[in-house]
Amino acid sequence: MFSFLNFLRQPDLLGMTVRVLLALLCGGAIGMERTEKRRPAGFRTHILICLGATMTTATSQYLYIVMNYPISVSRMGAQVIAGVSFIGAGAIMMTKWRRVRGLTTAAGLWVVAVVGLCCGAAFYEGAVYTTVLVLVAEVFFSRLEYRLLRDTREFNIYTEYVRPSCLEDIVSRCHVMGVKIVDLEITRKSDGSGSSSAVLVLHSRQGADKEEILQNLAGVEGVIAAIEA
């Protein structure tokens, strides 16, 4: 790529220092965005994963080039991808509203590991390019997605009610407002209270406002809560 950086690609002290510092900056930049959004894997987690991946690749190169060990340079780096998958799985959770959260964070952790591998292999251009694109995707595209989905007519509503007959009243209220029920998932609580919960996927055919729909459903007799999931 950039030939003037070749002196920084050597497995010496200067080259290792540049790799570690770049991993610190790239991992920290991506992690800071996750921290601002109060995600479970934030600033420090992203830095540690990026540094670990960097040193894994750098160690492979050092053993092969300097120590002359007959090993595959790519073998240790390949294990990083598999190992970070366990950490990413821990960031994914299912909420009580039957909604999956943490997929973006898990994907970000995986990408940070790849950025670390780029840093460890002295592929500085790839590490910087990837970091910039990840930040664009997480900052700019997330706002664009929010604007596109803000006025969508299809959304999820989580409801809790005290008796099964309340669900019939909820369905009737939706029909009165001109709201179509696309999908419905019912869960009966096992705490002995007799209450149940349901997640409704609604489509507002007449363009009814979300707040209006939530207020109407919350006003149904026997409904404990009605919130957007």
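This is a predicted model: local features need pLDDT of at least 70, side-chain atom pairs count only at pLDDT 80 or more; totals for chains, interfaces and linings use all residues.
The chain carries seven helices and six strands. Read from the N terminus, these elements come in the order α-α-α-β-β-α-α-β-α-β-β-α-β. Of the 229 residues, 39% count as buried. As for contacts in the chain with a separation of 6 or more, 65% of them link residues 24 or more positions apart.

Now to the helix pair. Helix α2 spans residues 43-66 and helix α3 spans residues 73-91; the two pack with their axes 8 Å apart, at an angle of about 160°. That angle makes α2 roughly antiparallel to α3, and the crossing of the two is right-handed. On the α2 side, the contact is made by Ile-49, Ala-53, Thr-56, Thr-59, Ser-60, Gln-61 and Tyr-64, while α3 brings in Val-73, Met-76, Gly-77, Val-80, Val-84 and Ile-87. Sorted by class, that contact comes out as eight nonpolar and five polar residues, with no charged ones.

That leaves the cysteines. The disulfide count is zero. Take Cys-119: its closest cysteine sulfur belongs to Cys-26 and lies 4.8 Å away, which is too far for a bond, because a disulfide needs the two sulfur atoms within 2.5 Å. Cys-119 is also buried, its relative accessible area being 0%. Cys-174 likewise counts as buried, with a relative accessibility of 0%.

How values were computed
Residues are numbered from 1 along each chain as its sequence is written. Side-chain values use heavy atoms; hydrogens and water are left out. Buried means under 20% relative accessible area, exposed over 50%, partly exposed in between (1.4 Å probe, protein chains only). Axes are lines fitted to C-alpha atoms, for helices over the stretch in contact, and angles run from 0 to 180 degrees between N-to-C directions. Helices (H or I, at least four residues) and strands (E, at least two) are DSSP runs, numbered from the N terminus. Angles under 35 degrees count as roughly parallel, over 145 as roughly antiparallel, 65 to 115 as roughly perpendicular and the rest as oblique. A crossing is left-handed if the near helix is turned anticlockwise from the far one by less than a right angle, and right-handed if clockwise. Contact means heavy atoms within 4.5 Å. Ala, Val, Leu, Ile, Met, Phe, Trp, Tyr, Cys and Pro count as nonpolar, Asp, Glu, Lys and Arg as charged, and the others, Gly among them, as polar.
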